[in-house]
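These are my notes on one structure.

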Amino acid sequence: MASRPAPAHAFPAGQAPATRLRAPGAVRPGELPSVHDALLCVALPALAVCPEHGQLTGHGLEGVYVSGRRLLARCVLRVAGREPLALQGRQDAADRAVFLSVVRTAGDTGPDPGLTVERSRSADGTERITLRSFAVRPFRLPVEISLGTDLADLGAVAAGRASPELVASVHGTGMRWTAHDGRCASVTTDPPPTDALAAAGLLRWDVELAPGSARTIELRVRGDRPHGLSGPPGAGTGRPGGVGLAEARAEGDDPRVGELLRVAVDDLRALLQRDQEHPADVHLAAGVPWRCGPVTAEALWAARMALPLGTRLAVTTLRAMARTQLDGPGPASGRIPGPLRDAGPFLPPRCTGVEATLAFPTVLAEARRWGMPEQDLTELLPVAERCLHWLRAAADPHGFVPDPGPAGPWRAETQAHAHRAAVLGADLLDACGRPGGDAWREWARALRERFRAEFWIDDRSGGRPALATAPGGRPWTQLGGWAAHLLDTGLLGAGRYAPGLLDKSETEQLARLLGTPALDSGWGLRSLGAKEPGHNPFGHRAGAVRVHETVVAVAGLGAAGYEREAASLLKGTLDAAEAFGYRLPEMYAGSVRTAGAVPAPHPAACRPAAVAAAGAVHLLTTLVGVRPDAPGGTVALHPVRSAPLGAVRLSEIRVAGEPFSARVSRLGLGMVEEAADGLQLGV
């Protein structure tokens with residue numbers, strides 16, 4: 001797996017000659033500290049990285065961050081001179097974790113502890129510590145909280161550069177730290193401490209507890225920046241609002257669908273972020289903790305899969321992406337730049353260099369089908385047209401799109417994105433009375449013919465699509481989850497899916513291949529088949545299960561009628577979600593599933609991740625088969641007829657801006673229960 005750059009923020013941490021925080025050992029180039037076993041409380045721009053025992057020790061990434069700055073690194077609780085015995089740590093919500101521990105008191109004569117300690121910590125560092133007595137007699141004991149911070153940048157912490165703790169000062173009812181650049185952090189408490197020792201960052205209370213009584217201490221963390229000093233790029237100062245993601249709910253014979261959707265919507269809200277220059281336009285961070293920067297192609301794909309929760313997120317994400325579009329003369333005009341990241345063990349790092357440009361017309365066209373307001377469509381249509389103009393100019397004489405430069409290679413996944421953009425772009429141009437629709441449909445038809453001739457490899461087993469072709473036409477034949485994008489053709493009017501790059505027999509063969517044990521790991525779709533050279537179950541595009549690709553495969557297989565293969569991937573993903581507490585990471589190991597096993601986490605995966613959370617929404621929408629055409633005044637239901645999870649009900653999603661609810665019976669029959677006035681049931 002190619003390395004992900006550590007997050008870079010604008011200002012270095014202040015330092016002072018004090019005690020050093022415990023930090024990880026030397027970090028090798030490209031390595032990131034593992035957070036797979038941490039509890040991440042997220043409400044961007046705030047983030048708390050907590051170990052399962054709840055004590056913040058300053059080790060690794062532990063701490064409370066706001067806009068990429070660690071405001072609190074150490075928060076260690078001691079009761080009666082000892083750390084409580086940790087019993088449980090759990091995620092209570094996307095932005096909150098709860099930790100339970102116990103303390104044995106002097107009056108405890110048997111094995112049963114008489115004092116419980118519950119800590120509830122939020123993403124912004126607000127913490128409530130509740131001590132509850134079950135002892136038979138009253139007692140008095142000291143409670144101490146040791147605090148410290150380095151005000152370090154997340155990127156510096158991730159790189160393993162140990163920072164000295166800043167010198168604390170007693171401030172109000174707590175402590176305060178100031179870095180050399182003038183930035184400050186403070187912790188206030190309620191009730192105020194009995195004693196405060198700045199040199200050790202120590203706050204102390206004398207707590208009296210009667211039998212059956214409780215006492216709560218609340219901590220609040222605050223960061224201040226000097227006047228005129230801005231935050232990191234893409235960082236806001238408060239929680240985004242105004243997107244209005246629907247309070248969608250799911251229920252059914254398999255009770256896990258409800259929890260999957262609840263956690264997914266909660267995580268999507270937690271990942272919303274905005275910047276100071278355009279506070280009205282929010283988008284999803286790609287993932288926590290590593291990818292909370294400017295808007296990316298992942299934010300577009302996630303907004304597309306989250307369309308059942310409303311079109312507003314798609315509008316604001318498209319608007320944010322539009323501001324990055326290149327203009328002026330030259331071949332790059334109209335392109336939306338993207339990072340060059342890992343494309344697997346065989347290709348140069350050209351994973352998303354042009355992906356956002358090709359995604360833009362698709363997301364806009366499908367948002368219109370879900371009910372995007374006309375004024376937003378009018379505003380964003382010129383950007384989509386410029387994307388299409390770039391596509392025509394970027395295609396080589398054979399009609400293929402190199403990714404991202406003219407020297408190639410030519411990736412099959414990129415051709416799928418280009419074909420979808422052309423077909424849905426043509427539909428969009430026709431609907432808006434703009435010229436060019438017929439020309440784009442002809443362009444797409446020609447691309448289909450050339451793709452089948454040059455990218456489909458015939459063999460004795462029935463053939464397979466090529467991963468990519470090199471200059472001179474040599475194909476890379478490695479098969480993996482990338483092929484799912486060939487089945488993602490895009491939604492047209494009246495509940496119809498657009499034609500794809502593959503013909504019927506090729507689609508059938510690809511469906512068969514995706515259902516084989518080499519690709520279906522039992523937990524989802526491997527990014528590279530287990531029998532392919534270079535396979536690595538932890539490789540980002542070399543064998544790990546990438547949730548986005550699996551979700552795309554389930555939807556594409558289901559739409560094409562290959563329900564057995566779709567159902568297997570769907571069930572495997574739901575089983576994996578249960579193992580991860582329904583907060584799916586962006587990827588996890590593509591190891592062989594065995595009886596009694598659970599999927600292994602990937603140590604560098606973001607969790608929560610935008611495409612994984614939105615993918616859960618897309619999975620359930622696919623299961624129920626909701627295909628809207630708000631401009632045409634219809635909505636069609638095409639559920640998975642085999643009903644692999646039994647009866648399912650999906651309620652309070654949005655179609656045409658109004659609540660929509662539908663259910664599927666155990667026999668696979670769909671029924672609309674609630675819809676906007678005037679919306680007719682399509683075929």
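**Set-up.** I am working with a predicted model, where local features need pLDDT of at least 70, side-chain atom pairs count only at pLDDT 80 or more, and totals for chains, interfaces and linings use all residues. Residues are numbered from 1 along each chain as its sequence is written, and side-chain values use heavy atoms, with hydrogens and water left out.

**Entry 1, helix α8.** I began with W440 and W443, which both lie in helix α8, 3 residues apart, or about one turn of the helix. Helices (H or I, at least four residues) and strands (E, at least two) are DSSP runs here, numbered from the N terminus. W440 has a relative accessible area of 4% and is buried. W443 is also counted as buried, at 11% relative accessibility. The cut-offs are under 20% relative accessible area for buried, over 50% for exposed, and partly exposed in between, with a 1.4 Å probe and protein chains only.

How many aromatic pairs does a search of the whole structure find? It returns 4. I took the ring pair of F400 and F455 next: the centres are 5.2 Å apart and the planes stand at 65°, so I log it as edge-to-face. Rings of Phe, Tyr and Trp (its six-membered ring) pair if their centres lie within 6.5 Å; planes under 30 degrees apart count as stacked, over 60 as edge-to-face and the rest as tilted. F400 is in the loop between α6 (374–394) and β21 (410–411), and F455 is in the loop between α8 (437–454) and β22 (456–457), so this pair ties together parts that are 55 residues apart in sequence. Both F400 and F455 are buried. W440 and W443 make an edge-to-face pair as well, at 5.4 Å centre to centre and 70° between the planes. I also noted a cluster in which ring pairs link F400, F451 and F455.

Which charged end sits over the ring of W440? That of R392 does, 4.2 Å from the ring centre. I found a further case at W523, where the charged end of R593 sits over the ring, 3.9 Å from its centre. The test is NZ of Lys or CZ of Arg within 6 Å of the ring centre and within 35 degrees of the ring normal.

I listed 7 cavities of 30 Å³ or more. On a 1 Å grid over the protein atoms alone, a cavity is a set of points where a 1.4 Å probe fits but cannot get out, and lining residues have an atom within 4 Å of a point. Grid points are joined across faces, edges and corners, and a volume is the space filled by probe spheres set on the points.

The largest cavity has a volume of about 240 Å³. Its lining has 21 residues, with E298, H540, R546, H548 and V611 nearest the centre. Which helix gives the most to this lining? α10 does, with 3 residues. At least two lining residues come from each of α3 (297–305), α10 (547–560) and α12 (610–624). By class I noted 8 nonpolar, 4 polar and 9 charged residues in the lining of the largest cavity. Ala, Val, Leu, Ile, Met, Phe, Trp, Tyr, Cys and Pro count as nonpolar, Asp, Glu, Lys and Arg as charged, and the others, Gly among them, as polar.

The second largest cavity comes to about 120 Å³. It is lined by 13 residues, and A343, L467, W482, S527 and R541 lie nearest its centre. The classes for the second largest cavity are 6 nonpolar, 3 polar and 4 charged.

I looked up an open sheet of 3 strands, ordered β21-β24-β25 with antiparallel pairing. β21 and β25 (475–476) are its edge strands, each pairing on one side only. Two strands pair if DSSP finds at least two bridges between them. β21 and β24 (residues 468–469) pair over 2 bridges, and R411 stands opposite A468 in β24.

Most residues other than glycine have a negative phi, and most peptide bonds are trans. I therefore noted the exceptions below.

- The bond from D190 to P191 is cis, with omega near 5°; P191 lies in the loop between β14 (184–190) and β15 (195–197).
- The bond from V288 to P289 is cis, with omega near 10°; P289 is in the loop between β20 (283–284) and α3.
- S67, not a glycine, has a positive phi of about 55°; S67 is in the loop between β4 (63–66) and β5 (69–72) and is buried at 8% relative accessibility.
- L151, not a glycine, has a positive phi of about 50°; L151 is in the loop between β11 (139–148) and α1 (154–158) and is buried at 0% relative accessibility.

Definitions and conventions
On a 1 Å grid over the protein atoms alone, a cavity is a set of points where a 1.4 Å probe fits but cannot get out, and a pocket is an open set with protein on both sides within 12 Å along at least five of seven lines; lining residues have an atom within 4 Å of a point.
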